[in-house]
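Take a walk through this fold, from the whole chain down to one residue. Keep the viewer open as you read.

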Amino acid sequence: NERMVMVPAILTAANLPYVGSTPYVHGLLRNKHHAKLVVAAAGVATPPAVLVDGRADVDLCSLTFPAIVKPVAESSSIGIDASSIVGGPEEALVRAKRLVCDYRQPALVETFVRGLEIEVPIVVDPEPRALGLVTMALDGAPVSGDAFLVSDAVYDDGYGFSSPPPTLESAPVKAAA
């Protein structure tokens, strides 16, 4: 979905300064599949995933289930709800085909990883560096374990950030980022 690329593209074309990613980076990150390919090529481990575009039968045998099925080009958990976690290939394909139809874009079927939802803000000044870690939170509690962010919760006032648990080793996470 290209709509989020428009603002930095217009500002860049008008030679106006702004804070944030370039149009290329915005475009790349708007496509979860392409972003996974770039991150994996950089040597960062990512969960197995298969892109489903609705045009042909897809082989999901490379995945371990449960898996999460989500639109490839949305953010803020758009298209993710309680039925996004699926237990097997047949359920994954049914969900993916529904998302392809509803959102008019491919769906990503990705092995679900249990754990903390973490973000790592990065600044380029002049070289990229991680600023620290934050955990995604609902009602002040970190999203962890089998929990995941659904669209309704993201748009609710209970969504936010919290400090990661003190037992989390931040150095390897920052290095991967």
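Start with the contacts. Among contacts in the protein chain with a separation of 6 or more, 58% are between residues 24 or more positions apart. Keep in mind that this is a predicted model.

Next comes the overall size. The protein chain has 177 residues, and a compact globule of that length would have a radius of gyration near 16 Å. The chain has 17 Å, which agrees. Along the principal axes, the C-alpha atoms fill a box of roughly 45 × 45 × 35 Å. The accessible surface comes to about 10,700 Å². Carbon and sulfur atoms account for 59% of that surface. Of the 177 residues, 29% are buried.

Now the secondary structure. The protein chain has six helices and ten strands. Four strands form an open sheet. Read across it, the order is β1-β4-β2-β3, with antiparallel pairing. The edges are β1 (49–52) and β3 (85–86), and each of these strands pairs on one side only. In general, strands of a sheet pair through backbone hydrogen bonds, either parallel or antiparallel.

Look at one pairing inside this sheet. Strand β2 covers residues 67–71, and strand β4 covers residues 107–111. The two run antiparallel and are joined by five bridges. Alanine 67 stands opposite threonine 111 in β4.

Which strands does helix α4 touch? This helix, residues 89–103, packs on the sheet and touches β1, β2, β3 and β4. Its direction makes about 10° with that of β2.

Finish on a single residue. Alanine 107 is found in strand β4. Is alanine 107 buried or exposed? The cut-off for buried is under 20% relative accessible area. Alanine 107 has 0%, so it is buried.

What does alanine 107 touch, leaving aside residues up to four places away in sequence? Its contacts include Val50, Leu51 and Val52. Strand β1 spans 49–52. Val69, Lys70 and Pro71 are also among the contacts of alanine 107, and β2 spans residues 67–71. Val72 is touched as well. The list also holds Ala96, Leu99 and Val100, and helix α4 spans residues 89–103.

One last distance gives a sense of scale. Alanine 107 and alanine 42 are 65 residues apart along the chain. Their C-alpha atoms are separated by 23 Å.

Note on methods:
Residues are numbered from 1 along each chain as its sequence is written. This is a predicted model: local features need pLDDT of at least 70, side-chain atom pairs count only at pLDDT 80 or more; totals for chains, interfaces and linings use all residues. Side-chain values use heavy atoms; hydrogens and water are left out. Two strands pair if DSSP finds at least two bridges between them. Contact means heavy atoms within 4.5 Å. Axes are lines fitted to C-alpha atoms, for helices over the stretch in contact, and angles run from 0 to 180 degrees between N-to-C directions. Buried means under 20% relative accessible area, exposed over 50%, partly exposed in between (1.4 Å probe, protein chains only). The radius of gyration is taken over C-alpha atoms; the globule rule is 2.2 Å times the number of residues to the power 0.38. Accessible areas come from the Shrake-Rupley method with a 1.4 Å probe; for residues, only the protein chains shown count as cover.
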